[in-house]
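Colleague: I would like to go through the terms used for this model one by one. Please set each value against its cut-off.

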Amino acid sequence: MFKRHKITVIGAGATGATTAHLLALKELGDIVLVDVAEGVPQGKALDMWESGPVEGLSVRVSGSNDYEPTANSDVLVVTAGMPRKPGMSRDDLLKVNADIVYQVVEKASRLSPNAVIVVLTNPADVMAYVAQKASGFPHQRVMGQAGVLDSARFRTFLADALQVSPRDITAFVMGGHGDDMVPLVRYSYVGGIPVEKLLAKTALDAIVQRTRTGGGEVLSLMKTSAFYAPGSSLAEMVQAVLRDERRVLPTISYLNGEYGERDIYVGVPAVLGGNGVEKVLEIEFTPEEKEAFKKSVASVRAPFSMLKY
Ligand code: APR
């Protein structure tokens, strides 16, 4: 018998709820929202479910504070985490979020042993590593989101500069999700034409810089992290997996020798399909790009010495 897919979204905060709503609108499966905050996942889920008749949806959205209702999910999306509090360093936050991610993934993965895990909680490169350790899943079935969002920002700014539809722009960003991400101008195209042929270097440099600080730009305006574009990015990845689309998307993937790196999760172009990360695509770098990628990998590795995972 055919069965509807089941997707669990852990963390019913701004990004988790936005992602769940988009997944419901796309009818990718029944959705279970989980959060520690009492009543919040239940209330948000009920509200979303009640939009179903208006939107013409058949899927069910439910909420819970525990994990039993998540059993046998096909995909686990991890957005649970803490925002940085005053007086907290980046490293303090990293330890707190690593503990949260370990704990929620340990619980959820036991009940859904065949799931694919997509991690958003920041720093997503490090948290994907923690999620794999907590689940013990094959590396292929654990990935992180950062590059789809970074590339979406890059594409938005390129489209604006060229006054064309962002749909016609393909571009991608590699490396860690942070100030030293690597937007690859050389591999960016508009309707098949290299963007370098259409925009001056100064304009491109400014777009690269705005992409690098894209998260901070939103944060400084509304005083809380972005969640619409992150939610869209997660939903795109979940769809690629559940529909076995074999999309080529920048994905935080496990490297086992690719790009000369081992035992690390970092953003690279990958083929996403029914098995998770079907393949990591290796591209050639210029010496500067290689340098930038190495720097980015080093900053992803740096916090591991203080983590117990
Ligand atoms: N189990 C389940 N949910 C948890 C847990 C836990 N152990 N700890 C925290 N949460 C929930 C919070 O209750 C909150 O509802 O995670 C949710 C996080 O939501 P927001 O604070 O709104 O954060 P959001 O903007 O959605 O970002 C999610 O992504 O960008 C990263 O690191 C950032 O941690 C943040 C995460």
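Modeller: A polar contact is a pair of N or O atoms within 3.5 Å; within protein, one must be able to donate a hydrogen and the other to accept it, and residues adjacent in sequence count only if both atoms are side-chain atoms. The model is predicted, so local features need pLDDT of at least 70 and side-chain atom pairs pLDDT 80 or more, while totals for chains, interfaces and linings use all residues. Residues are numbered from 1 along each chain as its sequence is written, and side-chain values use heavy atoms, without hydrogens and water.

Colleague: How many residues surround the ligand, and which are the closest?

Modeller: The ligand is surrounded by 18 residues, with A14, T15, D35, T79 and N122 the closest. To be near, a residue must have a heavy atom within 4 Å. Of the helices, α4 (90–111) and α1 (14–25) each supply at least two shell residues, and α4 gives the most, with four. Helices (H or I, at least four residues) and strands (E, at least two) are DSSP runs numbered from the N terminus.

Colleague: Why is V164 called partly exposed?

Modeller: Buried means under 20% relative accessible area, exposed over 50%, and partly exposed in between (1.4 Å probe, protein chains only). V164 has 33% relative accessibility, so it counts as partly exposed. V164 sits in the loop between α6 (147–162) and β7 (169–174). Apart from neighbours within four places in sequence, V164 is in contact (heavy atoms within 4.5 Å) with A159, I169 and V190.

Colleague: Why is the pair of F172 and Y187 called tilted?

Modeller: Rings of Phe, Tyr and Trp (its six-membered ring) pair if their centres lie within 6.5 Å; planes under 30 degrees apart count as stacked, over 60 as edge-to-face and the rest as tilted. The structure holds nine aromatic pairs. In F172 and Y187 the ring centres are 6.1 Å apart and the planes stand at 35 degrees, so this pair is tilted. F172 belongs to strand β7 and Y187 to strand β8 (residues 182–190), so the pair ties together parts 15 residues apart in sequence. F172, at 14% relative accessible area, is buried, whereas Y187, at 23%, is partly exposed.

Colleague: What about the rings of F285 and F293?

Modeller: Their centres are 5.3 Å apart and their planes at 40 degrees, so F285 and F293 are a tilted pair. Both F285 and F293 are buried. Elsewhere, Y129, Y254, Y265 and F304 form one aromatic cluster.

Colleague: How do you know whether E261 is buried or exposed?

Modeller: The relative accessible area of E261 is 10%, so E261 is buried. E261 is found in the loop between β10 (247–256) and β11 (262–273). The side chains of E261 and R301 make a polar contact at 3.0 Å. Not counting residues up to four places away in sequence, E261 touches L255, N256, K294, V297 and R301.
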